[in-house]
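Here is a short report on selected local features. Look over the sequence and the model before reading on.

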Amino acid sequence: KGKEGTDKINRIMDYFRNFEIDHICGEKIIAIEDYKTQTLKNLETQSETKIDLPESNVIGFRFAGNSKIYLRPSGTEPKIKFYFSVRTTTGDRHAATKSELERKIDTFIEELNL
């Protein structure tokens, strides 16, 4: 909450915007979308293309297997939101996969000690 919470949110966004790894929680990243810089970087081809959408403080990660995670600070509350898009073939597996990714992200953020 307050300035401390805002500072932590900014550190998390800066970290994900500037980090140089190709995996998150064991999942291979194939592309990074940065709506603040309006660029999509394909990590497999090392090419960059322009995102033709309005500038926004949002970062997205696309993974091999077609799952995605998007990070966005709330505009009205002192919190950061993580949006998950998980590709799966069954409903039960979807819930389990989403929960597993959420746990991995929570652990990952805590380990970063941002």
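Where does N57 lie? N57 sits in the loop between strand 4 and strand 5 (59-63). The model is predicted, and every value below is computed from it.

**N57 and its surroundings**

N57 is partly exposed because its relative accessibility is 27%, and that class lies between 20% and 50%. Beyond its neighbours within four places in sequence, N57 contacts M13, R17, K36, L71, R72 and P73. With R17, the side chain of N57 makes a polar contact of 3.0 Å. L71 is 14 residues from N57 along the chain, with 8.4 Å between their C-alpha atoms.

**S74 in another loop**

S74 belongs to the loop between strand 6 (68-73) and strand 7 (80-85). Is S74 buried or exposed? S74 is buried, because its relative accessible area is 12%, and the cut-off is under 20%. Setting aside residues up to four places away in sequence, S74 touches K79 and K81.

| Residue | Loop | Relative accessible area |
|---|---|---|
| N57 | strand 4 to strand 5 | 27% |
| S74 | strand 6 to strand 7 | 12% |

**The hairpin**

Strand 3 (residues 39-42) and strand 4 (residues 47-50) run antiparallel. How many bridges join strand 3 to strand 4? There are 4 bridges between them. K41 stands opposite E48 of strand 4. The pair forms a hairpin, with 4 residues between strand 3 and strand 4. In the turn, Q46 has a positive phi of about 60°.

Note on methods. Residues numbered from 1 in each chain as written. Predicted model: local features only at pLDDT ≥ 70, side-chain atom pairs only at ≥ 80, totals over all residues. Heavy atoms only, no water. Pairing = 2+ DSSP bridges. Helix = DSSP H or I, 4+ residues; strand = E, 2+ residues; numbered from the N terminus. Buried < 20%, exposed > 50% of the residue type's maximum accessible area, 1.4 Å probe, protein only. Contact = heavy atoms within 4.5 Å. Polar contact = N/O pair within 3.5 Å; in protein donor to acceptor, adjacent residues only side chain to side chain.
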